[in-house]
Each structure stands twice: as C-alpha cells, then as structure tokens.
Amino acid sequence: MHQIHLGRISFTSPGTLQLSAGPDGKSLSISGKFGGVEHTIDHIKYLRDELQSMSTMDEHVPFIYDGDTTLNGYVKVVSSSVDIQKYLQGGISYDINLEYIGKVGDVQFESRLTGALLENDFITTATNQQFHAAPGNNFAFIHNSLPGRALRVARDLTSSTASDTTNLYINQSSILRNNNSIYNLDISDYYKGCCQIRMGEHMEKSSPGSSDTVVQSIKCGKYAGDWSVGDTLVLDNGIIKMVLGTSTATSSFNTFIWDVNQYATEQEWVFSEGDPASASDQHGELFLGWHRVQILVNRPELVVVRCTTYKDSDTRGKRLVVDFSLRRGAHHIGVITNYYTAGTKINIALESAPSTAPDVTNILNGFIKDGSSSPEDGNYWILGGLKSLDSDTSITDRGMLRNNANGSVFGFMVGYELIDPNTNAALSHNTASNVYKQYVDNINEFQKMVKA
C-alpha cells in the first residue's frame, strides 16, 4: 500500500491530492483517512498529535509519496486538521495543507554559524575545536575558512537495522563562525546523523493481523504530548545517546556512545544537593524522579529539552530545572541546571562509585575523566564544567563534579573519549581535551533551506 512520508512520519496514501501554483509559489493539499497502514488507534493518535505539532513549526521537511515520486521534494506544513467521527479505524480523517518549496535541484542548505565561547573559567580564546556537522551523505560542501574535516561514524537513525551507520564529517576551524556553510542533500539523506527526540511510546502493527509492537514515539515538533512520570525520553544523534531515568526516587539519566556498530559504555548519572552525609554515601541529598518534560528546540541540528523535578516530597517544593542539549555530530551532552536557591551546591555523579578514582589531571582545565586503565568497552567518560571545580578527593573519587562555589546555576557536559579500534587510541578530535573544547567553544548552528 502506498504511503505519504512527511518529515519523520508515514501514513496512508491520501484519498485526494490537490496541486496549485501561482506567482507566490506552489502549494499541495492532501486528505484521506487513517486506517490503512495505521492498524491501531494508538498509532493514529500519535500521528494526529505530530501533524498538529508540525503545523506550528516554521520548518521545511522532506515529502515523499510512494504513489507518485515526481512529487517528492521539500515542503512546509502550513496547517493540518484531524476529524474524529469515531475512535475506530476508518473513523478518523486528515486534511493537510503544504507549501511546496521545491525539488532537490531547486534548493540547497545553509548552516548559519554564530555563537561564542561559553562563559567559563578555563578557556579564554578561540580554539581550533569549533565544529559543526552537516547531515550524512551531504555533498558539494563549502565554507570559506576551508575547515579541517574529521570523521565520526554514527548510527543511521533513518534505518530500521540497528547496526546501520552513516559517516558524519565534523568541520573544524578556529574561525568557523566567520562564515556560513553551504551544502546539498538528497531527500533520503535529510535526517542522516541528525538529532532526534523520542518521548513516550505508542503501539503499532507491521501488518493487519500481526501483534502490536511497542514503538518509541519520535517527536516532530515542540509539543511534548502526553509525557507523564515514568515515560521514556531519549535524546539521540547516532553518536551519543541520553536516556532519562524513569525512577520516581532519583533524578538520573544514562549515556551511551556509538562504538563501531552498537551503543556501548553505558553510564548512569544522578543529581544531588550538598555534601554526601557519610563516607559510605555516593550522593548528597537526592532529588525525586522527573515530573515534567518540555521540548524547547527540536531541529535536525539541535535538540533541547527541559526536565523539572523537586526535592521535598512533603511540600513538593525545592524545584530543580535541568536543560539537556544535543548537537548534530557531538560527542557530548550539554547540561544546565537551575535550582531554587543559590545557597548550596548541585552535584552530578556516577550512580555508583567507580572502582578506580577518576583522572583529575585536568580538573584545573575544566574536566575530569574515567580513571580506569581498562574502562568499559575501552572508552572513557568525561565530565566537564564551566566554573572553578571542587577538587577535593572526597568529591572527585566518587566520580562527582560540582562547582567550587555555591550557586543556583550549574553548567556542565557529559561526553566520551572514544577509542579508535584500529589504533587503540583516541583520534585527535575525539580526545577528552578536544571534546571538552568542542563544548566550551560553542557553535550556534541554524540550518536553513535556500533556493539554489
């Protein structure tokens, strides 16, 4: 059965399709009923919500129609409506209005690069680790600073085969922000190596009569949907993956790094406040589990989510707000916490104390690193901050990072030094020092489509 593929979602071939054109451009309208390939009401509700979310974005997305490939191109969702007559298959119809921007040959992509060094106590001048990565399989890339190009292999999130990969080239220069990058893409490659938010789950069937399958729900805009306590939240760029903890007792998250053909080197991280009560305690006072999730940014080159919790179980007060950000091509997750009071310290630490004390050689340069001689899967975790860090071994030996001074705001990163299997060492752009610099010497990227 033919399908429409609109951005990251796919649904039943339309009952009607209308094209129009004029001096102001082209438009495309499609309408039909859900219930062809969408064999569960749960799946239809997911599509309903994502179509509504996409219609509020000012973003272009790929459009592919199995029934007529000559229509394939890039569109913008102008509006969408879903008519529910009955909550039954065949009882829910859709009507979507699209601005037809152009075919592959009509457009090219421009990454507008701005930003500055994040305010920090360690790095004061531009580094050669400024970077941005265009999508996998991009071609005809140009940037006036002629940046160096370094390879990172990412999981291909557009493929249903878990081991499929795509090559991402991170473009690096000390003056990368001075110019924008321009490149071309085939429609099928638009989301290769791009960032993805998966929030909650829904049920799908692969075919009529087959068993229901639980699928993580890919978010297509900034509507958070019906996320509730204990639901999944995943940030993923095919290189590093963050999974929000689902416990109601702690505010935690897990990280993974893509290593050749699978995610590896899983670590669990936990937030707490203040000093550990005793030598046997791994954390300070724990926050309760996550209670709210909000999507702040959801673009292929950048995703940002805000997670909220609290510490006091009686009053449900002492709020902690945490923003997680992930860039295309990055080896790290950026994190900013904001606590209700500036009179204490916020900690981030391994869930369990490491068997070997972390390497604190570079704590005065902003980061600590896994101290194991043979770390899990051969890769080393990295924790880095923006302000002067607490170097007391009673803190660092726990795999804990926090600022020296009290404060309500704590900015830090979690990343990995990935060991290359061919050399048994980290490539230059993947060393702990350079991954930390890629965090601090920040590039703000905004990918736009322009007429060729």
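Start at phenylalanine 367, whose bridge partner in β27 is glycine 384. This is a predicted model. Phenylalanine 367 belongs to a pairing in which strand β26, residues 367-369, runs antiparallel to β27, with three bridges between them. β27 also pairs with strand β29, residues 409-417, again in the antiparallel sense, over six bridges. Within that pairing, isoleucine 382 has glycine 415 of β29 as its bridge partner.

Now, how many of the six residues of β27 are buried? Six of the six, taking buried as under 20% relative accessible area. Strand β27, residues 380-385, is therefore largely enclosed by the rest of the structure. In general, side chains in a regular strand alternate between the two faces of the sheet. Here Tyr380, Ile382 and Gly384 point one way from β27, while Trp381, Leu383 and Gly385 point the other way, and all are buried.

Next, the sheet with seven strands. It is open and antiparallel, and the order is β2-β1-β5-β6-β7-β4-β3. At the edges are β2, 9-12, and β3, 16-22; each has a single partner strand, so one side of each lacks a neighbour in the sheet. From one strand to the next, the twist averages 25°.

Glutamine 18, for instance, has serine 29 in β4 as its bridge partner.

Last, the helix. Helix α1, residues 41-55, lies across β1, β2, β5, β6 and β7. Its direction is at about 125° to β6, residues 73-84.

Conventions: Residues numbered from 1 in each chain as written. Predicted model: local features only at pLDDT ≥ 70, side-chain atom pairs only at ≥ 80, totals over all residues. Heavy atoms only, no water. Buried < 20%, exposed > 50% of the residue type's maximum accessible area, 1.4 Å probe, protein only. Helix = DSSP H or I, 4+ residues; strand = E, 2+ residues; numbered from the N terminus. Pairing = 2+ DSSP bridges. Axes fitted to C-alpha atoms, helices over the stretch in contact; angles between N-to-C directions. Contact = heavy atoms within 4.5 Å.
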